[in-house]
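Hi everyone, thanks for making time. Let's look at a structure together, and I'll talk you through the parts I'd like you to see.

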Amino acid sequence: MVYRTNAMICTCTNCISNGALQVKDALEKEIKKQHLENDVRVVPTGASGLCVKGPILVVQPEGIFYQLLTVEAVPHLVEEHFLKGRPVKSLMYVPPGEEAPIPNIRDIPFFKNQRLIALRNRGLIDPDEIEEYIARDGYRALAKALTSMTPEKVIAEIKASGLRGRGGAGFPTGQKWEFCRASPETPKYIICNADEGDPGAFMDRSVLEADPHSVLEGMTIGAYAMGGTQGYMYVRAEYPLAIKRMKRAVEQARDYGLLGKDIFGTGFDFDLDVFQGAGAFVCGEETSLIASIEGQPPEPRMRPPFPAQSGLWGKPTNINNVETWANVPVIINWGAEWFSQIGTDTSKGTKVFSLAGNINNAGLVEVPMGITLRQIVYDIGGGIPNRKSFKAVQTGGPSGGFIPSDLLDLSVDYDRLQEAGAIMGSGGMIVVDEETCMVDMAKYFLEFTTSESCGRCNACREGLQAMYQILTNICAGQGKDDDIELLEELAPAVKDGSLCALGRTAPNPVLTTLRYFRDEYEAHIKEQRCPAGVCKALIAYSIDPEKCKGCMLCVKNCPQGAISGEKGQPQTIDQEKCIKCGACHEVCKFEAVTVR
Amino acid sequence: MSKQITLNIDEQTVTVPEGTTILEAAGMAEIEIPRLCYFEGLPPSGTCRLCLVEIEGQERLAVSCTQRVKEGMVVHTRTERVSEARRFVLELIWSTHPGDCTTCEKSGACDLQRYTYEYDVDKARYPMYVPEGSPGTHDDPLIERNLSLCILCGRCIRVCREQGQGILDFMQRGMATVVTTSLDKPLLESGCDFCGSCIAVCPVGCLVERNRKLRGREWELEPKETRCGLCSLGCDLVIDVAHGRIVRTRPGKDGYLCVRGKFGWDFLVSEDRLSQPLVRDGDAFRECSWDEALNTVAQHLAKIREARGPDTVGGVIGGHVSNEAIYLFGKLFRAGVGTNNVDSAAGLAGANVAAQVLDAFGNLRPLSSAADLERAKTILSVGPELGESYPRARLAIKRAVGKGAKLIVVDPSESELARLATIHLKPKAGTEVVVLEGVIRTLIDEGLHDTEFLSSCEGSSEGTMSVGSYDASLTGIADAEVQEAAKLFAKGRAVIALSDLREETVARALALLMLTGRSKHGLLALFPMANPWGAAMLIRGDAIPETAGLSAQQMLDKDSPIAALYVVTADPVGSFGGKDGVKEKLSSLEFLVVQDLFLTKTAQLADVVLPLNGFLEEEGTVFGAGGKLLTMTAAAPARHPPLWQVFSKLSERLDHAMGYRSIREIRTKVKELISEGKEGPTYRFPSLTDKGDTRAKGLPPFSRFSLPETSWSARSQISTLTPAQEATLDSNPANTEEVAK
């Protein structure tokens, strides 16, 4: 059946939680009602990218982008667009601060400035249909590798491409494969690490939801290169949709002879199981992940021996992240030379980030390495909402660090980020505005890592706890003069003394905030003041009599009855009664409520 | 020999085998690197971060307990950077460790305390963290777990795994991490068998013996090495004494004690122990001096000997005492009293295994130790819940299985070893013998037996064996299973672990050894007493009267001619519970002397009761499971005259001076009788089965091995011997279940 138009509706977890499935049902019903079912085909896709605007519909081939869809809006949309051929402007994207909508997805800055490799099929195929993947060059790379390349040649190609691990540490992928191939023991295991645990990160989930076969194909190529026979897809159980789609992909690939015995009739065998992780953050660390598959408590093991020598059940094992695997077929198809032209000297290709926090276009972006933070935050992200100003961006999740505004022109690659004290990490990128307290943020991440530490080694377990305790004291107005010194002493000692990457990177948020926002720490400790107005113990709300019009809105919203005054006259806050909830600050239309 | 690696540690050149860790290499050069999670003999975990060292050319500090040496490596273990890192770790530990060393039992021997002092640690550097709902002390018996003192080093977890138990593990994560049992169950419900190995490795005061509390500080303890005397395995044991009393025991070189060795000695410090000799005064006893007691005993024995003849006097001695005591006891009766009526109560606890082994092999070389068991490739375990009754044997079997050994278990119950077995033959209770016979049958039918060995034996050939065909309906085990077990048994040079010591079982076990040509180290017979072999052999003495003597069983028979009896560390009344007329017999005696630790049921019938030293209180040798003479030192202060003196004095009072001035002189005599030899012990006594044989003679390698004939209908009457019954046959209060409860 040939359709005139494809209505590509995003059915990723984000859009589904915003009602995408109901919208999809309504869309199908309405199209039928208008007798357009032979003209318009509704295609569920994954990871359209601009998550904050979901549910999202892209009408192809024209590329008209609709956002924030509701069931109620569907009849009008179908009638106007599909029946009468008049795109609906009110459902289109409008750049922040502007009024004119941008109809075509290709013109929207958020999409225009991205470069898609790992996410090459996002929004373009139905992830549940292997044929749609195949139609977009799917499994061609596997065929090429199996039929025209030796395993050594595949590894050489990956090495030459300069691909580095997208899970965070950035270890050269080809080299890792080479180690595993060189291990004499068999069988060898190939693992995909989809235990995405950073708060605010959803890159891996999106890839799995949008294009599960790209990961499967990458893993199968890797298995061929390294001599692996069994694979594991380690997905956290909190990602039910990704698991469902991946399981379906595995079944389909098996049915098509692309997984299992004698793939492509070449005699090469490889099969794969989907393994659900129970959600401990430390499982993202590869030796813990291995322990978890073995049924052991997820605790890191000492290295050496590295997994390439002795991993899962003591056998050579290779673990790569979802995004790394998704890059592999493209490199094999297009060649290392092509791939290595993208990016910087030391960081090749693209990187997927999940952009979150105080930013207009929160969502999933894939950008070439070497792009500046400013381009990501402003050109793609659309800047900071509510006329607030940018304060910092946090990369690498709890293991990463904060980068301040004066480093916005920093080029995004493994080494520059490291120099700035942050890390690439798996791709979490959290933007914070001026009303964010950096001590509080550091405390937030420390609270996370303290509770996620597996607790085996002293430095991580008790060191992080001690740091967290100090930060808590500072935020509570109980900071001591030597607390900063103590933190500066603790942080490197924890990094140095920890057994695995969790403890070795967990002090980063503290170290970078100390490096770039030391004045905020000092204000908390010495002046008993939270400059961003966040730490309750250190702030007081007051009403500026110059600005207050006496509208009494704050009085109505105060849960404590702490605000009083005559109507039409400036109001005052009783500091004894005030619980610093900030309700008055939020409701005031005249910016008369100030925080100190 | 493995490749040697030369490296430099703290300006010292050290050469060690490849694969050695830096920490071990430093240890060989007598450079001690501090450690909390590392413990020699356990797999390292590398988590405490105290053993960090600096390696030239390596940016990060290295974890010396896990990092292996490399050629030319230059290591510094005491730089300022290293000290700073260690101080940091210690300061962190102090942010969660309650700081009251004054009442902590571990104070003085605590590793944390020691390093804190050495590194001059500021204990209050970091904010103190007390977790919410902090787990206090658990209500477990024997072992006190005070988790607030735990530093999460994980040693206890690893040692528990190493002992094959795996009861403890980390629970929760991060700061909520605790070391506890599965689902945090009390130890009693967790499967813990209270070996206390966890206590032995705990570097701090988190795990302590409940019974040591307030008995003495660490620096007051005087350690003494000896052997455990609570079963026939004789494990290495260290006891710590303070203020003249036992504070605790610890594992010795072997690194393991079971619950008996670890906690079972507590009866020695019981208030109920006899402190003075007692003489009967009407219906009650009155305390008296040793002189008075011995005079009374000697007078009565002499009087009865005069009036009724020496063969109306008899003696029974338990298997808990030393070779020297047993030897002298035999001599007291043979030479002092002039009768052969002297026997070991060890025979009452099962068949007389020693006699059977000697009878079959002519020597005791088939005896195996726990270490032999550990090295075995094939193991046959026979006896109900053998592992539960003898944890050290279980550990050995588990270790062997861990190294790939095949395990055949004959046990009617679903015991721990049964679960571990390659083949578990689960016969109907009481039919174990039939199973073993089925195995023998298969060996012969399939030609799996060692004909060469058999034909080299004197006076024996296959033809002398009569084994009926195997009857699966008796045992409930299919032929095929038995055959499979037989084939497995024949394949490796098997060691048989035996806790079922009935004569017919032992006979078949010996037949199996013989059929497979296993003339050395193939039998580990397990007794609930220290010295069963010594008791069986040395009771013979060497000046033997003409008339044959009575066995212990015969003496206790209600129709026996015995009028005066001396019972040492045995409690026939308690064991037989008034059955078989034992109590009647003992009550009707003209004169009964009982020597024991407690006023046992038998002692309550006595005319004179003599107190006794316990196994940790008296020196002597015992004949170990593997056939070696093991020395027990008097680790705890003796409370009473040693047995050898008591017997000497009695003999003297019976006009036969033995002339020994010290126990060493007796030991020399014992060693003359048993020579250990390279190939195992040989024994210079006449055959034990022909009691009263007056000629000492050497035996041929083995004389015969015919299986005692019993009709199968009779066999179905054979009762099952449970471990509990087995243990209560003696007056030994330290049996596993009792102790744990």
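How many residue pairs are in polar contact between chain A and chain B? The count is 14, taking pairs with both residues at pLDDT 80 or more; a polar contact here is a pair of N or O atoms within 3.5 Å, where within protein one must be able to donate a hydrogen and the other to accept it, and residues adjacent in sequence count only if both atoms are side-chain atoms.

Before going on, some bookkeeping. This is a predicted model, with local features needing pLDDT of at least 70 and side-chain atom pairs pLDDT 80 or more, while totals for chains, interfaces and linings use all residues. Residues are numbered from 1 along each chain as its sequence is written, chains are lettered from A and ligands numbered from 1 in the order in which they are written, and side-chain values use heavy atoms, leaving out hydrogens and water.

Back to the interface. On the chain A side, α17 (438–452), α18 (458–475) and α19 (483–497) each give two or more residues, with helices being DSSP runs of H or I, at least four residues, and strands runs of E, at least two, numbered from the N terminus. The most comes from α18(A), with nine residues. In contact, meaning heavy atoms within 4.5 Å, are 31 residues of chain A and 28 of chain B.

The rule also finds three salt bridges across this interface, a salt bridge being a side-chain nitrogen of Lys or Arg within 4 Å of a carboxyl oxygen of Asp or Glu. A:Asp496 and B:Arg81 meet in a salt bridge, at 3.3 Å from N to O. Over all chains, the structure holds 78 salt bridges.

For one inside a chain, take A:Lys153 and A:Glu157, whose closest N and O atoms are 3.0 Å apart. Because they are four residues apart in helix α7 (residues 151–161) of chain A, about one helical turn separates them.

Last stop, the backbone. Most residues other than glycine have a negative phi, and most peptide bonds are trans. Here, the bond from A:Gly54 to A:Pro55 is cis, with omega near -5°, and A:Pro55 lies in the loop between β2 (40–45) and β3 (57–60) of chain A. A:Pro304 to A:Pro305 is also cis, with omega near 0°. A:Pro305 sits in the loop between α12 (286–293) and β9 (317–321) of chain A. A:Trp313 is in the loop between α12 and β9 of chain A too, and has a positive phi of about 45° although it is not a glycine.
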